[in-house]
Amino acid sequence: MESTIIKKNFTFSSSDEKTTIHAVKWIPQGSPKAVVQLIHGMVEYIERYDDFARFLASNGYLVVGHDHLGHGQSIRSIEDWGYISEDCPARHLIRDIHRLRTEVQREYKELPYYIAGHSMGSYLLRRYLTHKGAGLKGAIIIGTGQESDMVVRSGLMLVRATAKAKGWRYRSEKIQNLTYSNAYKQYDLTRTDVENSWVCSDPEIMKAYYSDPRCNFLFTTSGFEALLSTVLFDNQKRNIDMIPKELPILLTSGEGDPVGNLGKAVKEVYQRYVKAGITDVECKLYPDMRHEILNEPGKQEVYNDILDWIQRHE
């Protein structure tokens, strides 16, 4: 069945009204059962999800995804990697997610629609659900986390002060390093030890990751503004309360993932959703897996579990 999957590149205009967004469809044989939109993480690009997308497509799902502004091919020049915009960068990322959904739903009006977001994409998805969750069949939040308001506000103050002094395109290793909490300390942060990376435990995946220029750039102050403002947004009870109560949500992560504070922060997000009255929310953690559970050696179990969850909610 794999050979019958059609992979199609296409583009659409970003909400910044300047950039052409690169996007991909993985089209299954026959009539699709549903659409699954993928939202990738920070400092990567959508085609890193090719294996997972092909798995879903081989099971009858139309899969779509795009490179965020400042990522992959959604740039005007390589100097744009890591740069989103000067004005409301997080809103542009959210609007582009919705532009893709709108365009796909225009073509596939009757299909159930799921969205899955990983890492930074998981935070963006959580924010997206507060305003645009209506009409979705389900949301899959992968590799997410949570920090205290105090920590996030401190980070935002530093980012904004740095941008005021040096601009929104400035790249700061200091800001980058401050994003690594104590949960990261057990891992190599020098990008030299492929077997002890916090990202993934598969050394072949990490060799490819570290050698790929599309995964090797510093975020700008604009990028960190988008990320941290979204993390802060997701923390607020009033925003969590805006997520549709009947929307099925799956939270899934590795217990060795420092982004989720080794599972603790993922459980906190789960409890917040339960307290908010969301009636169908599940939390699945994988022992011994790190951040990219879709790339870990045991990824087939993750793939099958996500597929099973989608099928149970069709």
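This is a predicted model: local features need pLDDT of at least 70, side-chain atom pairs count only at pLDDT 80 or more; totals for chains, interfaces and linings use all residues.

1. Helix α2, which covers residues 89–107, packs on α3 at an angle of about 70 degrees, with the two axes 10 Å apart. Since angles of 65 to 115 degrees count as roughly perpendicular, α2 is therefore roughly perpendicular to α3. The crossing is right-handed, and in it A90, R91, L93, I94, I97, H98 and R101 of α2 meet L124, R127, Y128 and K132 of α3. Sorted by class, the residues of this contact are six nonpolar, one polar and four charged.

2. Helix α3 (residues 120–132) also meets helix α7 (residues 221–235), and here the axes come within 9 Å and cross at roughly 50 degrees. The two helices are therefore oblique to each other, and their crossing is left-handed. On the α3 side the contact is made by M120, Y123, L124, R126, R127, T130 and H131, while α7 contributes L227, S229, T230, V231, F233 and D234. This contact of α3 with α7 has six nonpolar, four polar and three charged residues. When you inspect α3, note that L124 and R127 belong to its contact with α2 and also to its contact with α7.

3. Helix α1 (residues 50–58) packs against helix α10 (residues 299–312) at an angle of about 45 degrees, and their axes lie 11 Å apart; α1 is therefore oblique to α10. This crossing is right-handed. The residues in contact are D51, F52, F55 and L56 from α1, together with K299, Q300, Y303, N304, I306, L307 and I310 from α10. Of these residues, seven are nonpolar, two are polar and two are charged.

4. Which residues lie nearest the centre of the largest pocket? They are M42, Q176, T179, Y180 and Y184, out of a lining of 45 residues, and the pocket itself has a volume of about 1,100 Å³. The elements that each give two or more residues to this lining are α3, α4 (149–166), α5 (173–178), α6 (203–211) and α7, with α4 giving the most, namely six residues. By class, the lining consists of 26 nonpolar, 12 polar and seven charged residues.

Conventions:
Residues are numbered from 1 along each chain as its sequence is written. Side-chain values use heavy atoms; hydrogens and water are left out. Axes are lines fitted to C-alpha atoms, for helices over the stretch in contact, and angles run from 0 to 180 degrees between N-to-C directions. Helices (H or I, at least four residues) and strands (E, at least two) are DSSP runs, numbered from the N terminus. Angles under 35 degrees count as roughly parallel, over 145 as roughly antiparallel, 65 to 115 as roughly perpendicular and the rest as oblique. A crossing is left-handed if the near helix is turned anticlockwise from the far one by less than a right angle, and right-handed if clockwise. Contact means heavy atoms within 4.5 Å. Ala, Val, Leu, Ile, Met, Phe, Trp, Tyr, Cys and Pro count as nonpolar, Asp, Glu, Lys and Arg as charged, and the others, Gly among them, as polar. On a 1 Å grid over the protein atoms alone, a cavity is a set of points where a 1.4 Å probe fits but cannot get out, and a pocket is an open set with protein on both sides within 12 Å along at least five of seven lines; lining residues have an atom within 4 Å of a point. Grid points are joined across faces, edges and corners, and a volume is the space filled by probe spheres set on the points.
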